[in-house]
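User: I have a protein chain open and I'm new to this. Can you walk me through it?
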Amino acid sequence: MKKYVFAIVLIMIMLISTSIAFADTDPNVIVVNPDQYGTIYSDSLLVSVKILEPKTIKVAFYEEKQIKNGVAVAINVNNINEQLDLAELKDLTSEPVYDKETFVSTNKLSFYTKRVEGITPGLYRLRVDTVDSGGKILFTSNTHLIVKDKSLEPAAEESLFKAPQLTTMQILQNFFKNIFGN
């Protein structure tokens with residue numbers, strides 16, 4: 001249920017945003033990283049897009065900022081715990097972190113990758129446009145990402161490291177059970 005509410009909230013954010021694309025997404029251009037509506041706790045990000053046939057794409061990465069008193073300010077996402085908090089964001093504008101980089105795929109499987117350094121906490125948007133030979137936009141995909149301060153990252157559960165270790169005999173038994181059954 002929370003995922004549906006979160007999806008609806010972020011769709012509303014996209015509709016309110018000043019830079020909206022009304023095109024469908026290209027099924028042959030898939031954003032691998034970052035995940036849609038994902039949260040990271042880092043100052044760098046690896047952007048990765050998979051292209052499944054020869055195409056030309058344009059990739060841009062924006063920080064979504066809020067207009068307050070006529071000035072664009074970063075959105076404080078450190079206190080956002082509920083997806084509903086994102087619905088309250090109004091007067092958004094997009095500022096490029098890096099602007100439209102063109103990538104031409106000539107194979108049936110290609111990857112566009114770019115490392116983005118020095119990002120600060122806030123709300124970001126990755127935009128991937130599929131364009132034709134004349135530069136006309138055919139498809140557009142927008143992926144939103146929340147970047148939070150590293151100090152707010154939840155600690156890993158201790159039980160992860162306290163899992164019982166299997167002996168060699170147990171590993172072999174499990175292996176043969178998987179192959180031959182009980």
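Analyst: We'll take confidence first, then a few residues. Keep in mind that this is a predicted model.

User: OK. What is the mean pLDDT of the protein chain?
Analyst: The mean is 76. Of its residues, 74% reach 70 or more.

User: Which elements have the lowest and the highest mean pLDDT?
Analyst: Helix 1, residues 2-16, has the lowest, at 57. Strand 7, residues 110-117, has the highest, at 89. Then look at residues 17-23, where the pLDDT is below 50. That stretch still has 15 contacts in the model, beyond near neighbours in sequence.

User: New topic. Which residues make the nonpolar surface patch?
Analyst: M169, L172, F175, F176, I179 and F180 make it. The patch covers about 660 Å².

User: Where is F180?
Analyst: F180 sits in helix 3, residues 168-180.

User: And is F180 buried or exposed?
Analyst: F180 is exposed, because its relative accessibility is 66% and the cut-off for exposed is over 50%.

User: Now D129. Buried or exposed?
Analyst: D129 is buried, since its relative accessible area is 1% and buried means under 20%. You'll find D129 in strand 8, residues 122-131.

User: What is D129 in contact with?
Analyst: Leave aside neighbours within four places in sequence. Then D129 is in contact with T56, I57, K58, K100, I137, F139 and T140. With T140 there is also a polar contact between the side chains, at 2.9 Å.

User: Let's move on to D35. Where does it lie?
Analyst: D35 is in the loop between strand 1 (29-33) and strand 2 (38-40). D35 counts as exposed, because its relative accessibility is 52%.

User: What does D35 contact, neighbours within four places aside?
Analyst: T143 and H144. In sequence, D35 and T143 are 108 residues apart. In space, their C-alpha atoms are 7.3 Å apart.

User: What about P34? Where is that one?
Analyst: P34 also lies in the loop between strand 1 and strand 2.

User: Is the peptide bond from N33 to P34 cis or trans?
Analyst: The bond is cis, with omega near 10°.

User: Which form do most peptide bonds take?
Analyst: Most peptide bonds are trans.

How values were computed
Residues are numbered from 1 along each chain as its sequence is written. This is a predicted model: local features need pLDDT of at least 70, side-chain atom pairs count only at pLDDT 80 or more; totals for chains, interfaces and linings use all residues. Side-chain values use heavy atoms; hydrogens and water are left out. pLDDT is the predictor's confidence in each residue, from 0 to 100. Helices (H or I, at least four residues) and strands (E, at least two) are DSSP runs, numbered from the N terminus. Contact means heavy atoms within 4.5 Å. Patches are made of residues with over 30% relative accessible area and no salt bridge: like charges are joined within 9 Å, nonpolar side chains (Val, Leu, Ile, Met, Phe, Trp, Tyr) within 5 Å. Accessible areas come from the Shrake-Rupley method with a 1.4 Å probe; for residues, only the protein chains shown count as cover. A salt bridge is a side-chain nitrogen of Lys or Arg within 4 Å of a carboxyl oxygen of Asp or Glu. Buried means under 20% relative accessible area, exposed over 50%, partly exposed in between (1.4 Å probe, protein chains only). A polar contact is a pair of N or O atoms within 3.5 Å; within protein, one must be able to donate a hydrogen and the other to accept it, and residues adjacent in sequence count only if both atoms are side-chain atoms.
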